[in-house]
Amino acid sequence: MRIISARDYDHMSRQAANIISAQVILKPDCVLGLATGSSPIGTYKQLIEWYKKGDIDFSRVKSVNLDEYVGLDYSSDQSYIYFMRHNFFDHININLANTNVPCGVNPNAEEECSRYDKIIHDLGGIDLQLLGLGPIGFNEPDDHFTKGTHRVTLTDATIQANKRFFEKESDVPRFAYTMGICDIMHAERVVMVVSGESKAGIVKEAFFGPVTP
């Protein structure tokens, strides 16, 4: 594990974008695992800027996203497929057919989770997984590590953290589909971006505390 200290959010974002761009340049058909939330937005902005300058080509890249709300489709501005298109995909030359996000409108959890696990398997796994760290994470606390994609019941803490994005609390979905820890940790490389003094405690706990579900 390597910890890279950055001056501020923008510097952190450029550092992460450097790692991702190097991955794409060295392996143009790589599989990127992507994340949503406020932490990676700056990284996406930097990658978009470099793409527009002609420094990076995403045409052969494939991607798999970590998670999606159950019940939201691409037309909802709170869905994660909408987030990815708005913040990244629509601004680069990635083939949308090569991008993958769990289908939030599939009511059959077993079918959807199996389908998504198969996508990851058929792609040969993830070359580089981008993660954020914050109060919202759909691998909710449990009594065991869930290996593959699964439907999770969102905790009240997650719902409370998310309600600011919705008109009212009752609009916040109560379930999500998410990759399992095993999928994430099987990635060839994992890059986590964390910014803000408020996250110092959880950084210490996550990286230097006991490993628990």
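**Ser-79**

I looked up Ser-79 and found it in the loop between β3 (67-69) and α3 (80-87); helices (H or I, at least four residues) and strands (E, at least two) are DSSP runs, numbered from the N terminus. The model is a predicted one, in which local features need pLDDT of at least 70, side-chain atom pairs count only at pLDDT 80 or more, and totals for chains, interfaces and linings use all residues. Residues are numbered from 1 along each chain as its sequence is written, and side-chain values use heavy atoms, with hydrogens and water left out.

Is Ser-79 buried or exposed? I note Ser-79 as buried because its relative accessibility is 0%; buried means under 20% relative accessible area, exposed over 50%, and partly exposed in between (1.4 Å probe, protein chains only).

I then checked the side chain of Ser-79 for polar contacts (a pair of N or O atoms within 3.5 Å; within protein, one must be able to donate a hydrogen and the other to accept it, and residues adjacent in sequence count only if both atoms are side-chain atoms). A polar atom of this side chain lies 2.9 Å from the backbone oxygen of Ser-76. The backbone nitrogen of Tyr-82 is 3.2 Å from a polar atom of the Ser-79 side chain. Leaving aside neighbours within four places in sequence, I list Glu-68, Leu-72, Asp-73 and Tyr-74 as in contact with Ser-79, contact meaning heavy atoms within 4.5 Å.

**Whole chain**

I counted seven helices and eight strands in the chain. The radius of gyration is 17 Å, close to the 17 Å that the globule rule gives for 213 residues, so the chain is as compact as a globular protein of that length. That radius is taken over C-alpha atoms, and the rule is 2.2 Å times the number of residues to the power 0.38. Of the 213 residues, 43% are buried. Among contacts between residues at least 6 apart in sequence, 77% join residues at least 24 apart.

**Ile-3 and its patch**

I placed Ile-3 in the segment before α1 (9-26). Ile-3 counts as exposed because its relative accessibility is 58%. Met-1, Ile-3, Met-192, Phe-207 and Phe-208 make a nonpolar surface patch of about 570 Å². Patch residues have over 30% relative accessible area and no salt bridge, and nonpolar side chains (Val, Leu, Ile, Met, Phe, Trp, Tyr) are joined within 5 Å. A salt bridge is a side-chain nitrogen of Lys or Arg within 4 Å of a carboxyl oxygen of Asp or Glu. Accessible areas come from the Shrake-Rupley method with a 1.4 Å probe.

**Thr-212**

I found Thr-212 in the segment after α7 (200-208). Thr-212 is exposed, at 55% relative accessible area.

Technical notes
Patches are made of residues with over 30% relative accessible area and no salt bridge: like charges are joined within 9 Å, nonpolar side chains (Val, Leu, Ile, Met, Phe, Trp, Tyr) within 5 Å.
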